[in-house]
Amino acid sequence: MNVLLHPTYFPSIAHFVAMLQADHIIFEVCDNYQKQTYRNRASLYSANGKLDINVPVIYSQKNRQLYKDVEIFNAENWQMQHMKSLESAYRTSPFYEFYIDDLSQLFEIEATTVMEFNLNCLNVIFECLQLPFSYSKTDNFELKPDGVLDARVLANSRKEIKQNFQPYAQVFDSKHGFLNNLSILDLLFNEGPNTELYLESQHLNL
(Lines give C-alpha, C1' and ligand atoms only; values in the text may rest on other atoms or scores of the structure.)
Protein backbone atom coordinates (compact mmCIF):
# COMPACT_ATOMS: atom_id res chain seq x y z
CA MET A 1 0.00 0.00 0.00
CA ASN A 2 1.06 3.62 -0.55
CA VAL A 3 1.98 5.52 2.61
CA LEU A 4 1.35 9.22 3.30
CA LEU A 5 3.89 10.90 5.58
CA HIS A 6 5.35 14.23 6.60
CA PRO A 7 9.03 14.61 5.68
CA THR A 8 10.53 15.12 9.13
CA TYR A 9 14.03 15.88 10.41
CA PHE A 10 16.12 12.67 10.44
CA PRO A 11 12.84 10.77 10.87
CA SER A 12 12.00 8.30 13.59
CA ILE A 13 12.42 4.57 13.14
CA ALA A 14 8.62 4.34 12.82
CA HIS A 15 8.77 6.66 9.81
CA PHE A 16 11.35 4.44 8.17
CA VAL A 17 9.44 1.26 8.94
CA ALA A 18 6.46 2.82 7.15
CA MET A 19 8.57 3.94 4.18
CA LEU A 20 10.48 0.71 3.65
CA GLN A 21 7.37 -1.45 3.92
CA ALA A 22 5.29 0.73 1.55
CA ASP A 23 4.78 0.25 -2.16
CA HIS A 24 5.21 3.99 -2.68
CA ILE A 25 5.97 7.01 -0.49
CA ILE A 26 3.81 10.14 -0.68
CA PHE A 27 4.93 13.23 1.21
CA GLU A 28 2.39 15.71 2.55
CA VAL A 29 3.47 19.16 1.35
CA CYS A 30 0.13 21.00 1.42
CA ASP A 31 -0.52 21.21 5.16
CA ASN A 32 -0.03 24.09 7.58
CA TYR A 33 3.09 24.05 9.70
CA GLN A 34 2.66 23.02 13.33
CA LYS A 35 5.09 23.77 16.13
CA GLN A 36 6.45 21.18 18.56
CA THR A 37 6.42 18.30 16.09
CA TYR A 38 9.09 16.15 14.47
CA ARG A 39 9.01 18.38 11.40
CA ASN A 40 12.05 20.14 12.84
CA ARG A 41 13.02 17.79 15.68
CA ALA A 42 14.97 14.55 15.97
CA SER A 43 15.50 12.38 19.05
CA LEU A 44 18.96 11.02 19.85
CA TYR A 45 20.34 8.83 22.66
CA SER A 46 22.84 10.86 24.69
CA ALA A 47 24.79 10.02 27.83
CA ASN A 48 21.95 11.61 29.83
CA GLY A 49 19.16 9.76 28.01
CA LYS A 50 16.88 11.00 25.27
CA LEU A 51 18.04 14.23 23.64
CA ASP A 52 15.93 16.25 21.21
CA ILE A 53 17.74 18.44 18.69
CA ASN A 54 15.71 21.14 16.93
CA VAL A 55 16.18 23.01 13.68
CA PRO A 56 15.30 26.68 14.47
CA VAL A 57 12.62 28.08 12.19
CA ILE A 58 11.12 31.45 11.36
CA TYR A 59 7.47 31.04 12.17
CA SER A 60 4.63 33.11 13.57
CA GLN A 61 1.48 31.55 14.97
CA LYS A 62 -0.45 34.65 13.91
CA ASN A 63 0.30 34.16 10.22
CA ARG A 64 -0.29 30.54 9.38
CA GLN A 65 2.21 29.16 6.91
CA LEU A 66 2.38 26.09 4.76
CA TYR A 67 4.98 23.64 6.04
CA LYS A 68 6.82 23.79 2.69
CA ASP A 69 7.26 27.58 3.05
CA VAL A 70 8.69 27.70 6.60
CA GLU A 71 12.27 28.97 6.54
CA ILE A 72 15.16 27.97 8.76
CA PHE A 73 16.53 30.57 11.17
CA ASN A 74 20.21 30.50 10.23
CA ALA A 75 21.36 33.42 12.36
CA GLU A 76 22.47 30.99 15.06
CA ASN A 77 24.98 28.24 14.38
CA TRP A 78 22.58 25.36 14.99
CA GLN A 79 24.38 23.13 12.48
CA MET A 80 27.57 23.05 14.54
CA GLN A 81 25.55 22.35 17.67
CA HIS A 82 23.81 19.41 16.00
CA MET A 83 27.11 17.98 14.77
CA LYS A 84 28.53 18.21 18.30
CA SER A 85 25.44 16.44 19.63
CA LEU A 86 25.86 13.63 17.10
CA GLU A 87 29.53 13.24 17.96
CA SER A 88 28.89 13.22 21.70
CA ALA A 89 26.08 10.68 21.39
CA TYR A 90 27.48 8.31 18.78
CA ARG A 91 31.25 8.64 18.38
CA THR A 92 31.73 5.29 20.17
CA SER A 93 28.96 3.51 18.22
CA PRO A 94 30.04 0.74 15.82
CA PHE A 95 29.25 2.57 12.58
CA TYR A 96 29.73 6.27 13.42
CA GLU A 97 32.96 6.60 11.45
CA PHE A 98 31.42 4.71 8.54
CA TYR A 99 28.57 7.20 7.99
CA ILE A 100 29.51 10.51 9.57
CA ASP A 101 31.38 11.92 6.56
CA ASP A 102 28.29 11.58 4.36
CA LEU A 103 26.02 13.04 7.04
CA SER A 104 28.30 15.93 7.97
CA GLN A 105 27.95 17.38 4.46
CA LEU A 106 24.35 18.25 5.32
CA PHE A 107 25.56 20.70 7.95
CA GLU A 108 28.12 22.44 5.77
CA ILE A 109 25.72 24.22 3.41
CA GLU A 110 23.08 26.74 4.45
CA ALA A 111 19.58 25.35 3.97
CA THR A 112 16.65 27.64 3.22
CA THR A 113 13.43 25.85 4.17
CA VAL A 114 13.01 23.12 6.75
CA MET A 115 11.14 20.86 4.31
CA GLU A 116 13.86 21.13 1.69
CA PHE A 117 16.48 20.35 4.33
CA ASN A 118 14.49 17.36 5.60
CA LEU A 119 14.22 15.92 2.11
CA ASN A 120 17.98 16.34 1.68
CA CYS A 121 18.52 14.50 4.97
CA LEU A 122 16.25 11.69 3.82
CA ASN A 123 18.10 11.42 0.54
CA VAL A 124 21.43 11.01 2.34
CA ILE A 125 20.02 8.36 4.69
CA PHE A 126 18.68 6.37 1.75
CA GLU A 127 22.11 6.65 0.12
CA CYS A 128 23.71 5.35 3.32
CA LEU A 129 21.29 2.40 3.18
CA GLN A 130 22.08 1.99 -0.54
CA LEU A 131 18.37 2.18 -1.34
CA PRO A 132 16.58 4.20 -4.04
CA PHE A 133 14.73 7.25 -2.74
CA SER A 134 11.57 7.49 -4.81
CA TYR A 135 8.52 9.50 -3.74
CA SER A 136 5.74 11.79 -4.87
CA LYS A 137 4.16 14.85 -3.24
CA THR A 138 0.57 15.75 -2.50
CA ASP A 139 -1.23 18.25 -4.76
CA ASN A 140 -3.77 19.29 -2.13
CA PHE A 141 -4.52 18.68 1.52
CA GLU A 142 -7.03 15.96 2.43
CA LEU A 143 -8.04 15.41 6.03
CA LYS A 144 -9.05 11.78 5.37
CA PRO A 145 -7.36 10.57 2.18
CA ASP A 146 -8.56 7.38 0.49
CA GLY A 147 -6.44 4.51 -0.71
CA VAL A 148 -3.35 5.22 1.36
CA LEU A 149 -1.96 4.38 4.77
CA ASP A 150 -2.18 7.75 6.51
CA ALA A 151 0.92 7.87 8.71
CA ARG A 152 1.08 11.65 9.08
CA VAL A 153 0.35 11.24 12.80
CA LEU A 154 3.92 9.96 13.24
CA ALA A 155 5.12 13.57 13.00
CA ASN A 156 3.13 14.54 16.09
CA SER A 157 5.40 14.53 19.14
CA ARG A 158 2.68 15.69 21.55
CA LYS A 159 0.39 12.72 20.88
CA GLU A 160 3.01 10.17 19.97
CA ILE A 161 1.81 6.64 19.31
CA LYS A 162 3.79 4.12 21.33
CA GLN A 163 5.78 1.71 19.21
CA ASN A 164 7.07 -1.65 20.40
CA PHE A 165 10.11 -2.22 18.26
CA GLN A 166 12.62 -4.98 18.87
CA PRO A 167 15.52 -3.83 21.06
CA TYR A 168 18.97 -3.46 19.53
CA ALA A 169 22.29 -2.52 21.14
CA GLN A 170 22.58 1.20 21.92
CA VAL A 171 25.63 3.11 23.15
CA PHE A 172 24.23 4.06 26.55
CA ASP A 173 21.74 1.23 27.12
CA SER A 174 23.71 0.04 30.16
CA LYS A 175 22.84 3.37 31.82
CA HIS A 176 19.27 4.02 30.67
CA GLY A 177 18.04 0.81 29.04
CA PHE A 178 16.62 0.55 25.53
CA LEU A 179 15.08 3.76 24.18
CA ASN A 180 12.42 3.00 21.58
CA ASN A 181 11.70 4.77 18.28
CA LEU A 182 14.48 7.34 18.23
CA SER A 183 15.79 9.00 15.07
CA ILE A 184 16.90 6.72 12.26
CA LEU A 185 20.42 7.97 13.07
CA ASP A 186 20.43 5.94 16.28
CA LEU A 187 19.65 2.74 14.40
CA LEU A 188 22.07 3.53 11.57
CA PHE A 189 25.04 4.28 13.83
CA ASN A 190 24.41 1.20 15.95
CA GLU A 191 23.30 -1.35 13.36
CA GLY A 192 24.93 -0.16 10.15
CA PRO A 193 24.22 -2.44 7.16
CA ASN A 194 21.71 -4.42 9.25
CA THR A 195 19.42 -1.36 9.39
CA GLU A 196 17.37 -2.32 6.34
CA LEU A 197 16.66 -5.86 7.60
CA TYR A 198 15.71 -4.50 11.01
CA LEU A 199 13.23 -1.99 9.54
CA GLU A 200 11.61 -4.59 7.30
CA SER A 201 11.09 -6.95 10.23
CA GLN A 202 9.29 -4.49 12.53
CA HIS A 203 5.56 -3.99 13.01
CA LEU A 204 4.24 -0.43 12.87
CA ASN A 205 1.60 0.66 15.36
CA LEU A 206 -0.80 3.24 13.89
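**A salt-bridge network and a pocket**

At 29% relative accessibility, Asp150 counts as partly exposed in this predicted model, because that value falls between the limits of 20% for buried and 50% for exposed. The side chain of Asp150 forms a salt bridge with that of Arg152, with 2.8 Å from N to O, and Arg152 itself is buried, at a relative accessible area of 9%.

Arg152 also meets the side chain of Glu28 in a salt bridge, where the N to O distance is 2.7 Å. Glu28 belongs to the loop between β2 (24–27) and β3 (41–46), while Arg152 belongs to the loop between β8 (149–150) and α5 (173–176), so this pair ties together parts that lie 124 residues apart in sequence. Glu28 counts as buried, with a relative accessibility of 1%. Taken together, Glu28, Asp150 and Arg152 are linked in a network of salt bridges.

The count of salt bridges in the model comes to 3, and one of them joins the side chains of Arg39 and Asp31 at 2.8 Å, again from N to O. Both Arg39 and Asp31 are buried. In general, side chains of opposite charge can pair when their charged atoms come close.

From these pairs the reader can turn to the largest pocket, which has a volume of about 290 Å³. Its lining is made up of 13 residues, and those nearest the centre of the pocket are His6, Gln34, Arg39, Arg152 and Val153.

Notes: Residues numbered from 1 in each chain as written. Predicted model: local features only at pLDDT ≥ 70, side-chain atom pairs only at ≥ 80, totals over all residues. Heavy atoms only, no water. 1 Å grid on protein atoms, 1.4 Å probe; cavity = no way out; pocket = protein on both sides within 12 Å on 5 of 7 lines; lining within 4 Å. Points joined across faces, edges and corners; volume = space filled by probe spheres on them. Salt bridge = Lys/Arg side-chain N within 4 Å of Asp/Glu carboxyl O. Helix = DSSP H or I, 4+ residues; strand = E, 2+ residues; numbered from the N terminus. Buried < 20%, exposed > 50% of the residue type's maximum accessible area, 1.4 Å probe, protein only.
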